[in-house]
Amino acid sequence: MPLLLRAAALVWLAAHAGFAQDVTLTSSDGAIELSGSLIAFDGEFYRVDSIYGPLTVSADGVTCLGPGCPDLAAFVAEARFVGAPVIASELLPQLIETFALDRGFGVQRRLEPDGASRYTLSRADGSVAAEFLVRADTTDEAFLALLNEEADIALALREPMPLEQRAAEAAGADALAQRARVIGLDALVPITARANPFNQIAPEALRALFSGEITSWADIGGPEAPISLHLPSAESGLSQAFAASVLGDTALTPSITHHSDLADLSDAVARDPLALGVTTLSAVGNARALALAGSCGFAIEATPETIKSEDYPLTAPLFLYTPDRRLPRLVREFLGFLETAIAERMIRRAGFVSQSITRTSLDGQGGRLVNAILAAGDDVSLTDLQRLAERMADATRLSPTIRFSGGSSSFDAQSRSAISRLARAIEQGDFDGRTLVFVGFSDGAGSATVNLNLSRSRADTVRRSVIEAAGAADLSRVNFRSTGFGEALPIACDDSNWGAAINRRVEIWLE
């Protein structure tokens, strides 16, 4: 893999250096003329390597002469999608067809010799508007194809590994993490047969089991019997995401049975009362999903609500990674369409969780208040709890919850997407006349006073980020406030890394 990635960076550079065709662009009044080699044309803009360096010029208002000039009337927007089968085969086809219908295009699917699907979008007069080529492959190959410019969009089930990130940066491209789009959500869930009496498991136990440290049900409170372990294929982004999230630097035990098909994995676990598997919430099938529990008694199930808010720790976003260049307008419109209500309905229909903003009143948060009361200690007084309950009583919690990448001040990928969607909702007037309160919480480690101040500081950081993202909004129509309650409302056990990470968050409340 390292050699392949280094090769990818070299190929990326060679591809940019080798494409050149002579053109001359002249303004409509003839006053300005620009000559050079055509680097790219996306249907709207010419990218020309001139004596002044690379320049981008709008096709409107200029005339193009020379052997490199494209035929504007015959321009076809093209995009190559490569990556995870769960996106390429199960979700993207429906989204492309729905987009075509919404835009009034006809759509035809053709199977290519290599197994890829070519979707041709045609106008009413029969002319071709766009061609989308979709090929299912691993997340590894998706990132490699994007780096090699063999793909325009990578379909991934995990974030880029450090080696992939470094390869992109060595090629002079923007960080891959900054080019991620989350189009839908899923979750990694432990599963057992319905006959198995277990209904929850600790992430620490998952780590010990899948690393081979423990091998018997007796070690986690069950009968004296070996545990049969099941995971998606080792090349799957899901297995890689699970290993990174739960095992860290520890290797997976070789005794795991891997499955290339998630339905097969679920069926294998459902048939075996001694089996334990990890799959996605959308692919549980006939098996039974277990909650994640901590030693203090808090348990969290994977539900659409806990997945949207990242209260469930093993969320599994469906990622699109775009290239470090401008895509054709119709392709950009398709990417924008993925965030519409129509697309979100298709995402839910396909069995995934959409990122639409939902609201939960105080009546639906009783469990959170019970947790706060049970976890209260010397550092959280009755006055603190009363202040918290009073504020919650007057507010509705919105589903976007903002979390920071481990050990940094940067937002994680799902949180960046949540901020973007919240900003668009503000621009559309969804919260006019209301007050958005950004409410920070911390884990329980350290001084309560320090944690309170930290929670307030992070809430204010998120508030400023949302306001900055909502650049097209009339901000005078919405009130923005930030506050913090420190460690007063835990939603997981603080005695584990995963529990503490969940407790560190900024929620959005609507008053």
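Modeller: Searching the whole structure turns up 14 aromatic pairs; rings of Phe, Tyr and Trp (its six-membered ring) pair if their centres lie within 6.5 Å, with planes under 30 degrees apart called stacked, over 60 edge-to-face and the rest tilted. Take F441 and F485: their ring centres are 6.0 Å apart and the planes sit at 20 degrees, so this pair is stacked. It ties together distant parts of the chain, with F441 in strand β22 (residues 435-441) and F485 in the loop between β23 (479-484) and α16 (497-503), 44 residues apart. Helices (H or I, at least four residues) and strands (E, at least two) are DSSP runs, numbered from the N terminus. F441 is buried at 3% relative accessible area, and F485 is buried at 5%; buried means under 20%, exposed over 50%, partly exposed in between (1.4 Å probe, protein chains only). Elsewhere, ring pairs join F81, F99, F132, F334 and F337 into a cluster.

Keep in mind that this is a predicted model: local features need pLDDT of at least 70, side-chain atom pairs count only at pLDDT 80 or more, and totals for chains, interfaces and linings use all residues. Residues are numbered from 1 along each chain as its sequence is written, and side-chain values use heavy atoms, leaving out hydrogens and water.

Now the charged contacts: there are 28 salt bridges, each a side-chain nitrogen of Lys or Arg within 4 Å of a carboxyl oxygen of Asp or Glu. R505 and E507 form one, at 2.9 Å from N to O, and both residues are buried.
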